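Let's walk through a structure together, one question at a time. Keep the sequence and the 3D view open as you read.

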Amino acid sequence: QVQLVESGGGLVQAGGSLRLSCAASGRTFSSYSMAWFRQAPGKEREFVATITWSGGTYYTVSVKGRFTISRDNAKNTVYLQMNSLKPEDTAVYYCAAGGASSNQGSYGYWGQGTQVTVSS
């Protein structure tokens, strides 16, 4: 069983930066792929970024070059550094564990979400 707790969301102006954190419980964190998804108001939840147990990363096109996903297995934590934020990045951001790539249906563990709001 893995429990995930996100933090770091907030209100930021366009062009600004935020770093999201996702703290995981459980002894098998280092063996899981981790991912970030987001859901904007009135839209379906969508894939943002993923990182494998070995550190391989993959991003959706709209955030590539602006967002960086990373993990610290010693701290059981995954991060999402978000730079050059745009109003269209406004969403609730969710951390997920145990799945494969961008397939959100494959992730068995989810956090409660953290709100990111980017003002223009």
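Q: In which sense do β9 and strand β11 pair, and over how many bridges?
A: This is a predicted model, so each value here is computed from predicted coordinates. Strand β11 covers residues 114-119, and one of its residues, Val116, stands opposite Ala91. The pairing of β9 with β11 is antiparallel, and the number of bridges is three.

Q: Which residue in β9 is the bridge partner of Trp36?
A: Strand β4 spans residues 34-39 and pairs with β9 in the antiparallel sense over six bridges. Strand β9 itself runs through residues 91-97. The partner of Trp36 there is Cys95.

Q: Which residue in β10 is the bridge partner of Ala96?
A: Strand β10 is made of residues 109-110. With β9 it forms an antiparallel pair over two bridges. Across from Ala96, the β10 partner is Trp110.

Q: How many of the residues of strand β9 are buried?
A: A residue counts as buried when its relative accessible area is under 20%. Strand β9 is mostly covered. Out of its seven residues, the number that are buried is seven.

Q: Is Arg38 buried or exposed, and what is its relative accessible area?
A: Arg38 is found in strand β4. The cut-off for a buried residue is under 20% relative accessible area. Arg38 is therefore classed as buried, because its relative accessible area is 6%.

Q: With which side chain does the side chain of Arg38 make a polar contact at 3.0 Å?
A: Arg38 touches a number of residues beyond four places away in sequence, among them Glu44, Phe67, Asp89 and Tyr93. Its side chain makes a polar contact with the side chain of Ser62 at 3.5 Å. The polar contact at 3.0 Å is with the side chain of Tyr93.

Terms used:
Residues are numbered from 1 along each chain as its sequence is written. This is a predicted model: local features need pLDDT of at least 70, side-chain atom pairs count only at pLDDT 80 or more; totals for chains, interfaces and linings use all residues. Side-chain values use heavy atoms; hydrogens and water are left out. Buried means under 20% relative accessible area, exposed over 50%, partly exposed in between (1.4 Å probe, protein chains only). Helices (H or I, at least four residues) and strands (E, at least two) are DSSP runs, numbered from the N terminus. Two strands pair if DSSP finds at least two bridges between them. A polar contact is a pair of N or O atoms within 3.5 Å; within protein, one must be able to donate a hydrogen and the other to accept it, and residues adjacent in sequence count only if both atoms are side-chain atoms. Contact means heavy atoms within 4.5 Å.
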